[in-house]
Structures are given as C-alpha cells and as structure tokens.
Amino acid sequence: MNSGDVMSRIVEIRDLKKSYEDGNIKALNGISLDIEEGEFVSIIGPSGSGKSTLLNMLGALDIADSGSIRVAGYDLKENKKLNVFRGDKIGFVFQLHNLIPNISVCENVEIPMYTQGLSSKDMRKRSLELLDEVGLKDKADIRPTKLSGGERQRVAIARALANNPSIILADEPTGSLDSKTSNRILELLINLHKEEKVTLIVVTHDMEVAKLADRIIEVLDGKIINAEDGTLLENKIRVEN
Amino acid sequence: MSFLSLIIKNPFRNKSRALLAIIGIGIGIATIIALGAITEGMISSADDTLRAGGSDFTVSGKVEGESSQMVGFGTSSFDDDYVDKLANVSGVDRAVPIYMTLLMTKNSPYFAVIGMNPSDYKIAELTITDGRMYKDGTDEIVLGKIAADNEEKEVGDTILLDDKEFDIVGIYESGNSYQDQGGFTSLDNSQKLSDDEGKVSTIYIKVDKDADVETVEKRIDDEYGDNLTTISSLSDLDMVKNMIDMLNGASLAISILAVVIGAVGIINTMLTSVYERTRELGVLKAVGWSDGKILLMIIGESIVITIVAGIIGSIAGIIGVELIVLSNIMPLLTPIYTVNIFVQAFSIALFVGIIGGIYPALKAVKLPPTEALRYE
Ligand SMILES: Nc1ncnc2c1ncn2[C@@H]1O[C@H](COP(=O)(O)OP(=O)(O)O)[C@@H](O)[C@H]1O
Ligand SMILES: [Mg+2]
C-alpha cells in the first residue's frame with residue numbers, strides 16, 4: 001500500500017528485540033517495520049509468535065531490549081514519560097474488555113480522561129458522545145456487567161477513543177466473540193478508522209479478519225516473514241493447520 | 001465522575017471485606033474515643049469538686065504515706081484549728097471548712113456527704129431548686145438532684161445514712177455530678193458520720209479582692225507546708241494525677257495497638273484488592289494513568305476505609321460510653337467529648353490509612369502493565 005506520498009510515518013521500528021525468562025524466550029527477534037499515518041494494518045501469526053509483544057511495544061506497555069522504536073514522534077526507548085504518550089497517542093482495545101465492574105458504562109469511558117484535566121461535566125459529555133458513536137448511548141448509566149460481550153467490547157472501543165488517539169491498537173478485539181458480533185465490532189473499528197483518520201493496528205490470528213486491512217504483516221517466531229503478499233500468507237497458514 | 005468519587009466508590013466493591021476492615025479499625029477508634037471522654041470527664045469533675053464554686057484554691061491535709069485515712073479525693077483529714085490559722089494569713093478573705101465523706105446507700109455505691117456551715121453555701125454555688133437550705137445544729141440535709149432521683153426522695157422525706165436518719169429539707173443542683181450525687185449537711189453532722197470530730201478534710205480559700213492568689217498560696221505553703229498542702233489545680237493531687245496518667249497511658253497503648261492492628265488489617269485488605277484488580281490496574285496504565293495517580297488512588301481508597309472506620313468508631317465509642325453511664329457501673333462518671341478527642345481519633349485513622357495504603361499502592365505501581373494485562 002503506497003497510496004499517497006504525503007503521508008507521514010507514524011511508526012518506525014528497527015531491529016527490535018525482546019526476550020523473556022532470561023533470554024530463553026525470544027518474543028521479538030529483530031523486527032523492522034514502518035507504518036504510515038492513517039493506515040490500517042493487521043498483524044497475523046500463530047499463537048505465541050510475538051504479536052501481542054509487538055503491539056505492547058507500539059503502545060509502550062513494554063520496553064525492548066535492543067533496537068529502536070519511534071511512534072507518533074516519541075522515541076519509546078529514550079522517553080521517560082511513557083504514560084503521557086499512552087494517554088495522549090494510543091487507544092488500546094484488548095481481547096477481554098477489562099471494564100471496571102462497579103462504575104457505570106459512561107464512567108468507564110471516562111477513565112482515560114483523568115489524565116487530561118477535564119472537569120467531570122466535560123468528561124461525561126465527551127463520554128456520551130463516544131457512546132453515541134458506538135451506539136450505546138442509551139446504556140450509559142448502567143453497569144458494564146449488564147451488557148453482552150459485543151456491547152462490552154464496544155464500550156472498550158469508546159474508551160480507546162476517549163483522548164482522540166493517533167493510533168488504535170487492538171489485540172484480538174474479536175477473539176472472544178461469535179462471528180456475527182465480531183463482524184460488527186470490526187465494522188465499527190474500520191468505520192472509526194476511516195472517519196477519524198486514525199491509524200488502526202489490529203492483531204489477529206484469523207485470516208478473514210486480517211484481510212480487511214490495507215496491509216497484512218505476518219509474524220512468526222518473533223520475526224516478520226512477509227509484510228506484503230497476502231496470498232502467500234494464506235497458503236502458509238493453510239499448510240500449517 | 002470525579003477522581004474523588006472513584007476513590008470513594010472503589011473500597012466498597014467488596015462490601016464484606018470493606019466492612020471487616022472498618023470493624024477492625026473502628027474498634028480501636030471507639031476505644032480511643034471512650035477512654036478519652038472518660039479521662040476528660042474525670043479531669044473536669046475532679047477539678048469542679050476541688051474548685052467548689054467561688055473558692056480560689058483549696059487546702060488539704062498532707063497524705064503521710066500510703067496508709068493515711070483517705071477522705072474524698074485522696075487527702076487526709078486534719079485539725080479544724082487550721083481554719084482560723086488560715087483565715088488569719090495575710091491576703092485570705094475567707095477560709096471555709098469542709099468535711100467530705102463517701103458513704104454507701106441502699107441505691108447508690110457512692111454518696112458524697114459534704115459537711116459545711118450553712119452560711120458558707122454561696123462558696124459551693126448550690127442552687128436550691130426545691131425547699132430550703134439546712135440549719136446548723138439540726139439533722140437536716142439537702143440532697144443533690146441526682147441523689148434525690150436515685151434514692152427516690154423529695155423534700156419532707158427522711159434518708160438513712162450510716163444508721164442515722166436525716167430530714168430532707170431541700171433539693172439542690174450544682175452542675176457538678178460528684179456533688180449532685182450526694183448531699184450537704186452541717187459540718188458537725190458530717191464529722192460525726194465519720195467519727196472524726198474536730199477535723200476537716202478540706203478548707204476552701206477565698207483570697208482578698210486585691211490579693212494575688214499565687215502569693216497567698218505560697219504564704220500558706222511556707223507556713224503550714226509541713227502538714228497541709230495547697231491545691232489550685234487538679235494536677236496538684238497525686239492520686240488524681242496517677243489515675244489520669246494511667247488512663248492516658250492506657251489510651252496511648254490502645255492507640256498504638258489500634259495503629260498496628262489497623263495498619264496490618266488495611267494492608268491485607270488493600271493488597272487483596274490490588275491483586276484482584278491486577279488486570280484493571282493494567283488497563284489504567286494502558287490508558288495513560290501516571291504512577292502517582294495510581295498511588296494516590298490506592299492510598300486514597302485506604303484512607304476512605306479508615307475515615308469511615310473513624311466515623312463509625314466514634315459513634316460506637318459515644319454509644320459505649322453512654323451505655324456505661326446509663327448502666328451506672330461508674331456512678332461518678334460524666335464523660336466529656338472534647339474536639340481534641342475526635343481530632344486525635346481521626347488523626348490516627350488518617351495515619352493508619354496512609355501507612356496501610358502505601359505498601360499495596362507501591363505494589364500496584366510496580367506491576368508491569370503487560371503482566372497485569374496477561375494476569376488471569
Ligand atoms: N511477560 C512475559 N513473560 C514471559 N514470557 C512472555 C511474556 N509475554 C510474552 N511472553 C512469551 O513470549 C512469546 C510471545 O508471546 P505473545 O507476544 O503474547 O504471542 P502472541 O500474542 O503472538 O500469541 C510467548 O512464548 C509468550 O509465552
Ligand atoms: Mg497475543
């Protein structure tokens with residue numbers, strides 16, 4: 001995907017390495033990757049291949065052992081205020097919604113806004129707007145425990161959008177949902193990406209999901225094996241299964 | 001929703017756990033409040049009794065050794081010729097002899113019989129609410145309002161004190177619970193009740209208008225200090241002082257115990273809460289919350305628990321003290337709730353909240369976000 005040379009680079013990763021358990025598990029084994037602003041990229045690969053680790057690096061939830069990583073103008077290896085970066089630039093959507101059970105849907109969406117110095121009134125206003133976008137405005141004041149799985153994930157998406165992020169990082173966002181609900185969640189994410197021009201990076205192990213993206217990146221054993229050729233990937237996965 | 005309301009809501013997610021922590025700390029707070037109110041009450045009622053209305057200070061017999069005869073507040077009786085001697089000390093306006101003795105009656109374990117010349121009644125600041133003052137050389141007595149209630153007596157009745165019958169001619173109120181639970185009669189009658197004729201237990205001193213109280217006190221000390229002791233405030237009385245020291249010591253020990261037990265309890269409560277919310281803490285980190293904010297939230301939640309415990313403990317403490325008063329286990333007890341007691345209790349609650357919250361909060365902060373999000 002090389003549509004438009006005016007795009008600026010939002011992700012720039014060079015030879016990124018990360019190991020766990022004293023180097024015994026090489027979760028990332030030399031990853032280099034560029035992503036343009038406004039792109040929709042999917043990251044696919046089998047379980048344990050390092051997809052989540054890569055996504056966590058992008059969102060500065062984890063720090064690499066070596067290599068360089070720049071995201072949205074932040075050098076994530078040098079920067080100390082990573083929480084500010086996360087709060088301002090990143091919206092996470094996890095496989096499990098991770099909503100707080102004892103506060104309302106609306107208040108859950110407000111959680112990221114505490115870093116932005118908004119008044120409670122403005123927080124609620126913004127939260128209701130976001131819930132409207134994901135079609136849950138009428139459920140704003142009930143507890144998330146009363147919602148279905150798909151609805152909870154929509155709340156999580158609204159929460160990810162709270163601070164107008166530059167990038168949405170979604171780690172298997174439909175992994176725990178049935179296929180019909182999955183499609184609606186993906187549709188929602190893709191629409192938001194198109195309307196808000198937000199960069200969308202989705203981790204999945206489902207090729208059908210991956211194919212919706214502008215670009216597919218396949219990860220295997222902590223390395224990117226093919227960042228362009230979708231057909232080849234599909235064949236490879238068929239062979240593996 | 002404000003950050004503060006989030007902090008206030010969070011501890012009550014697990015209601016039974018919050019309740020247990022609150023009870024644990026609340027018991028300590030209740031004890032601190034109760035002991036404080038009792039101590040303050042003792043200080044003030046002892047002070048009232050010593051000061052007895054219009055007097056500037058009192059003079060008592062020196063207690064020689066532990067075994068001396070104890071009268072009233074731990075002083076021994078002494079010869080009544082000191083009354084005239086003290087009256088002649090320069091600067092003394094009046095020296096009022098008092099003979100105080102504690103009796104037991106059918107209805108009350110402590111009944112203070114205070115002997116005083118009826119002409120001196122002004123210095124005791126008694127208000128006769130019913131009947132009249134007693135006369136010298138009779139078997140007349142006036143009863144305090146509480147005593148009259150306890151004994152179910154009114155003006156015109158008689159009362160038996162140590163097998164001797166007295167005519168009740170009046171009821172008074174002094175505002176001092178010690179005095180209101182007893183009666184006033186003539187000096188003579190009171191001395192006879194204790195087989196201690198010619199003695200007094202206390203002399204109230206009123207100094208001349210233009211005399212300096214401390215100077216007069218010092219003159220008496222200098223001249224009669226071998227046999228008498230002047231008491232201008234409560235702290236001059238060893239027995240009362242010891243008792244209050246003891247109560248204060250108990251209060252301190254219980255405060256320390258409350259802090260230790262409370263802190264251990266709250267650490268345990270908050271640690272459990274942090275572990276249970278591991279994933280959620282991961283989310284807070286992922287959405288950009290700073291370490292400071294997470295620290296503040298956890299310590300804040302801990303403080304919310306201890307402050308609620310402070311409120312509930314204070315109420316329980318007051319109820320406990322009032323139950324003691326109602327049950328009459330300590331008949332002379334008039335608890336006093338000073339602001340200071342509550343300030344102390346809430347400072348302890350706050351302190352326990354901060355101390356107990358710090359370690360769990362640091363645990364929450366140190367949690368790597370990826371591990372928190374992987375946590376099952
Ligand atoms: N915090 C961690 N501690 C230890 N091992 C980890 C940690 N995170 C990931 N791993 C390991 O690193 C490898 C890659 O994991 P992950 O990135 O989660 O894979 P994926 O998301 O593709 O399934 C796996 O072997 C996993 O067990
Ligand atoms: Mg994963």
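A residue is called buried when its relative accessible area is under 20%. In this predicted model, that cut-off applies to 7 of the 8 residues of helix α1 (residues 51-58) of chain A, so the helix is largely enclosed by the rest of the structure. The buried positions of α1(A) are A:Lys51, A:Thr53, A:Leu54, A:Leu55, A:Asn56, A:Met57 and A:Leu58. The helix is followed by A:Ala60, a residue whose phi is positive, near 60°.

Because the surrounding residues come from chains A and B, the site is shared between chains. For A:Ser52 the side chain is involved, with one of its polar atoms 2.7 Å from an oxygen atom of ligand 1. Taken alone, ligand 1 exposes 550 Å², and the protein buries 79% of that area.

Among the elements of chain A, the highest mean pLDDT, 96, belongs to helix α3 (residues 105-110), whereas the lowest, 48, belongs to helix α8 (residues 230-240). The pLDDT is below 50 over residues 1-5 of chain A, a stretch that has 3 contacts in the model beyond near neighbours in sequence. Over residues 229-233 of chain A the pLDDT likewise stays under 50, and the model has 7 contacts for this stretch beyond four places in sequence. Where pLDDT is low, the predicted coordinates should not be read in detail.

Turning to chain B, its secondary structure comes to 13 helices and 12 strands. Of the 376 residues of chain B, 50% count as buried. Among the contacts in chain B with a separation of 6 or more, 78% join residues 24 or more positions apart. The chain exposes about 17200 Å², of which carbon and sulfur atoms supply 57%.

Two buried residues of chain B can be examined individually. B:Thr230, which is placed in strand β12 (residues 228-231) of chain B, counts as buried because its relative accessibility is 7%. The side chain of B:Thr230 makes a polar contact with the side chain of B:Glu217 at 3.4 Å, and another with the side chain of B:Asp221 at 3.1 Å. B:Arg277, by contrast, lies in the loop between α9 (238-276) and α10 (278-286) of chain B. With a relative accessibility of 6%, B:Arg277 also counts as buried. When its neighbours within four places in sequence are left aside, B:Arg277 is in contact with B:Asn10, B:Arg13, B:Met297, B:Ile298 and B:Glu301.

Conventions: Residues numbered from 1 in each chain as written. Chains lettered and ligands numbered in written order. Predicted model: local features only at pLDDT ≥ 70, side-chain atom pairs only at ≥ 80, totals over all residues. Heavy atoms only, no water. pLDDT = per-residue confidence, 0-100. Helix = DSSP H or I, 4+ residues; strand = E, 2+ residues; numbered from the N terminus. Contact = heavy atoms within 4.5 Å. Buried < 20%, exposed > 50% of the residue type's maximum accessible area, 1.4 Å probe, protein only. Near = heavy atom within 4 Å. Polar contact = N/O pair within 3.5 Å; in protein donor to acceptor, adjacent residues only side chain to side chain. Areas by Shrake-Rupley, 256 points an atom, 1.4 Å probe, with all protein chains shown as cover.
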